[in-house]
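Student: Could you pick one part of this model and take me through it closely? I'd like the cut-offs spelled out as you go.

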Amino acid sequence: PVAFYQDLVKRFPTFRYIDSVQYLLGYCQVTMDHFDEAIAAYETLVTQYPQSRHLDEGWMRLGELYFDMGEWGKAVAAYGSVMKFPESKWYELAFYKLAWSHFQNDSHTTAINTFLDLLDYYASRGGSQNMADERTSMLRSEVVEYIAKTLAEDDWDGDGLKDEGAGVARGLGYLSKPRPSNRAILRKYAD
């Protein structure tokens, strides 16, 4: 199918469903482990077809590819683009992966704040409309644990020394805003 989709893109660039063809081209490239070609296809989709019904998923799939390749800055940009679509079925997972991308990029402060915002989002929804409740519960527990462990870590810059301002005061600073998740985070922090 890749050759067929490539031919369609080349021969019929104004075909009214060419954005769907571009999406399928990227999807097929991923299934064949042709990741660079998949990135090119998805980048074409998101840049040349901003009205596409596949735009949110195109950004999500780009984020996943960049995340798997360890290209954290690009993953942050792609997941951040999914965040422009709060009704998307990809929104909650993109939110979660956005925070993880910040963490992997050694942006602990931004990661913690993004994870805290995600917990606020979960609390405001009373669960989840787009993800299975069991999965949301699992992700929520993982986020709480991650935040607590990170706040308990004294060496965020990796130099082997305790960071200035590290410890309980730093942890409480992140939890100074009243949030429904604070109690769970503090319990994990104490463990």
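Tutor: Helices here are DSSP runs of H or I with at least four residues, strands are runs of E with at least two, and both are numbered from the N terminus. The model is predicted, so local features need pLDDT of at least 70 and side-chain atom pairs count only at pLDDT 80 or more, while totals for chains, interfaces and linings use all residues. Residues are numbered from 1 along each chain as its sequence is written, and side-chain values use heavy atoms, with hydrogens and water left out.

Let's look at helix 6 and what surrounds it. Helix 4 (residues 55-69) packs against helix 6 (residues 91-104) at about 30°, and their axes are 11 Å apart. (Axes are lines fitted to C-alpha atoms, for helices over the stretch in contact, with angles from 0 to 180 degrees between N-to-C directions.) That makes the two helices roughly parallel; the label covers angles under 35 degrees, with over 145 roughly antiparallel, 65 to 115 roughly perpendicular and the rest oblique. Their crossing is left-handed, meaning the near helix is turned anticlockwise from the far one by less than a right angle; clockwise would be right-handed.

Who does the touching? Helix 4 brings Met60, Glu64 and Phe67, and helix 6 brings Leu93, Ala94, Lys97, Trp100 and Ser101, where contact means heavy atoms within 4.5 Å. By class, that is 5 nonpolar, 1 polar and 2 charged residues. (Nonpolar is Ala, Val, Leu, Ile, Met, Phe, Trp, Tyr, Cys and Pro; charged is Asp, Glu, Lys and Arg; the others, Gly among them, are polar.)

Now for the rings. The whole structure has 18 aromatic pairs: rings of Phe, Tyr and Trp (its six-membered ring) pair if their centres lie within 6.5 Å, with planes under 30 degrees apart stacked, over 60 edge-to-face and the rest tilted. Phe67 pairs edge-to-face with Trp72, at 5.0 Å centre to centre and 80° between the planes. Trp100 and Phe103 are edge-to-face too, at 5.2 Å and 85°. Both sit in helix 6, 3 residues apart, about one turn of the helix.

As for burial, Phe67 is buried at 17% relative accessibility, and Trp100 is buried at 16%, because buried means under 20%, exposed over 50% and partly exposed in between (1.4 Å probe, protein chains only). Phe103, at 21%, counts as partly exposed.

Ring pairs also link Tyr96, Trp100, Phe103, Phe115 and Tyr146 into a cluster. Phe103 and Tyr146 turn up again among the contacts of His108, a residue in helix 7 (residues 108-125) that is buried at 12%.

Definitions and conventions
Lists of a residue's contacts leave out its neighbours within four places in sequence.
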